[in-house]
Amino acid sequence: MIKKTFIKTIITFTTAIALTLNSSAIASFSSLKTNVYAATSTARQMEYLDRGVIATKVNNGVYIGWRMLGTDNENISFNIYRDGKKINSSPITNSTNYLDTSGTTNSKYSIKPVINNKEQDGTSEVSVSSTPYKSIPIKKPADGKTPSGEEYSYSANDGSVGDVDGDGQYEIILKWDPSNSKDNSQDGYTGNTYIDAYKMDGTFLWRIDLGVNIRSGAHYTQFIVYDFDGDGKAEVACKTADGTKDGTGKYIGDKSKDYRNSKGRVLSGPEYLTMFEGSTGKALSTIDFSPERGKVSDWGDSYGNRVDRFLGGVAYLDGKTPSLVMSRGYYAKTAITTYNFKNGKLTKNWEFVADGSTNSSYRDRGCHSLSVADVDNDNKDEIIFGSATIDDNGKGLYSTGLSHGDALHVGDLDPTNDGLEVFQVHESKTSKYGFDLRDAETGKVLWGIKTGTDVGRGLTADIDPTHPGEEMWASGQGLYNSSGEKISSSTPGSINFAAWWDGDLSRELVDRNRIDKWDYQNNKLNRLLTATGCSANNSTKATPVLQADILGDWREEIIWRTDDSSELRIYSTTDITEYRIHTLMHDYVYRLGVAWQNVAYNQPPHTSFFLGNGMSKVSSPNIYLAGSSNSSNDSSSSSNTSTSNNSTTVTKITSGKCYRLKNANSGQYMDVKNGNYANNTNIQQHPSNDESAQVFKIVSVGDGYYKMVSQVGNADKVVDVSGKKTSNGTNIALYTDKSATNQQFKFKCLDNGNFVIYTRVSKNKSVIEVENASKSKKANIQQWEYNSNLCQEWILELAD
């Protein structure tokens, strides 16, 4: 498998729209923001991914697609190997897909990155799929019968993804819905809800049975899949109750309890929140669920409809690590609770409550979904809760005074407006607007349309390249551009999901089991794909199991279930594109959108930057990889990572002591190549070997700087920034001690106990790092400008 590259990157591309634009459109395009992705100053935890290579047979050969990672260098390129032989004449620089006209269904493909003209380790070979989808067999639960004698069966429902075993590949977490699942407004018993986990090759991992005390339906079970504790492996969180059985067969609470009333509702009994281990389904931590049920009638009715309206999500409330978000109610009383999961324990963070006496202006503002983004540019996430937004500290940021709605979209929807925007529809016929576009930071309405009707559906996507930004439409209301100008009286008939699918930068429309493209010149939909034999979920909502960028290049996959729920089919595009963008799963707004996509009324994910026609330069996300020191998926390096026995790590340097320096990203040690004593001997990383080549005496030279004296040979030569250069990529080697600034370093201990080693010759702008964040044995060590990447951090172990 491909190694984890963790390197500095800025991905740039330009688009040319071969259209005749009127003068006002040209003026609008010229005002697009030039910095469309504002990278946060604090690196966020993100998951390690491999290249996600796919190969699919098409009419004229084989389509190959792979990921560009959010950690890739802007100058990275790629070679493609078919059956062990390179097939491209020169490294591919402008895309992450390829059409091999000589490929067959018997071919096998791998990808090798090229960095600084050096070919890196390649991915594992993948076989060619003869279908435009990947099939995953699933285990349908047995039929059942309610206490009232009603028979029911199961169908695969909403899904999510997470890397539960740290191998860089997503697993699918799937919810099973009984045929008698209920909307909250309906009485009646339901069958149990099940949650399964499957690997991409169809391997069944586990099943959780939520039990009789969790009612089945779109509003009851919101399961959130994410790596909450930063160990490189995703967990699964959801509401549980007495009788929930985890993936190992162990029950939570009292399995004999049945709190269902005569109408099949569960309005009494304890409620729990459980964090499950993603790899096994084992319950790791269970605590009382908050927001608490309390008095049923406080939530808007007395029969149990509005009290059980739940939402969930993930937010980086500290700007660095993820927290779990759970909410209850949005019609009357509204409450949101956030949690942290560390050291195997769930703990409550903060709770926000809006009722008649507290935060009353925030009541009745929620939607049937939520969104999460840093709307005020403080590097910490806010929770966009329909017509109101809650700040990262659990205080209300603003309430617009607008009403509840069924559809909510948050992203950089209008690139002419600074920051992010919110597009929402509204249910109340007396609402000031039936749908509106707002500034996400302030809640200011940029434009809105009064309808006097219950607007049940709304969508935003760039579907017309002659207008800047995204277009927006709602049920029966025509088509609007991002400035609020009505550009067509024809409403696109697909108002559900939107996906980046074909080769251009417009977004295509997903509804039921089909993908359509809006013909903006003739105001009609053109069919691109029908997933024959597949069905959508959630009744009239007609949503897929999941839509996300989970394989191949930056464009999105769509997962549908087959009509009989015997398998999932992951559809990937085979259209060639000339655009190169890092995987959308390394964009934080998009990744969080995938995490909450299964919640209540499913909505498509959006990006933190404008992705569409006329888009500007995209900078790389400021991220670090969770669990990156021990979750390598690279076959060439995973066996090379080792730690010394009985080592003592330190967070303070004592001058004159000897230390071993372990790279925090790779787990390998700073090493003088072959233990050579000659000048200019290269310094590299190498697995632990207890040789003097990995031992350095750190000696103070004054003013807070130290020299690192290698213990090879006569133990008098030092670590040296070659040629006294200050540039990125300057090599680190062994050299005679000259008491020069290029041989002097400042050690800064971070909050996590790791050290960053600044080079004095660069005036402390650059540090010592492992080149390209490699985890390979003998990877080079170099100087590079500090950027918070884990490959720039070192663990110091006493060697005396």
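Analyst: A residue is called buried when its relative accessible area is under 20%, exposed when that value is over 50%, and partly exposed in between. Please keep in mind as we go on that this is a predicted model.

User: What makes strand β54 largely enclosed by the rest of the structure?

Analyst: Strand β54 covers residues 717-721, and five of its five residues are buried, so the strand is largely enclosed by the rest of the structure. Its pairing can be described as well: β54 runs antiparallel to strand β55 (residues 732-736), with five bridges between them, and K717 has T736 in β55 as its bridge partner.

User: Why are K199 and E171 said to meet in a salt bridge?

Analyst: The rule asks for a side-chain nitrogen of Lys or Arg within 4 Å of a carboxyl oxygen of Asp or Glu, and the N to O distance between the side chains of K199 and E171 is 3.0 Å, so the pair qualifies as a salt bridge. The two residues belong to distant parts of the chain, 28 residues apart, with K199 in the loop between β16 (194-198) and β17 (204-209) and E171 in strand β15 (residues 171-178).

User: Why is K199 called buried?

Analyst: Its relative accessibility is 18%, and because the cut-off for buried is under 20%, K199 counts as buried. E171, with a relative accessible area of 1%, is buried too.

User: What makes R328 part of a network?

Analyst: R328 is linked by salt bridges in a network with K239, E271, R293 and D308. One of the contacts is between the side chains of R328 and D308, at 3.1 Å from N to O. R328 is buried at 0% relative accessibility, and D308 is buried at 6%.

User: How many disulfides are there by the rule used here?

Analyst: A disulfide requires a pair of cysteine sulfur atoms within 2.5 Å, and by this rule the count is zero.

Technical notes
Residues numbered from 1 in each chain as written. Predicted model: local features only at pLDDT ≥ 70, side-chain atom pairs only at ≥ 80, totals over all residues. Heavy atoms only, no water. Buried < 20%, exposed > 50% of the residue type's maximum accessible area, 1.4 Å probe, protein only. Helix = DSSP H or I, 4+ residues; strand = E, 2+ residues; numbered from the N terminus. Pairing = 2+ DSSP bridges.
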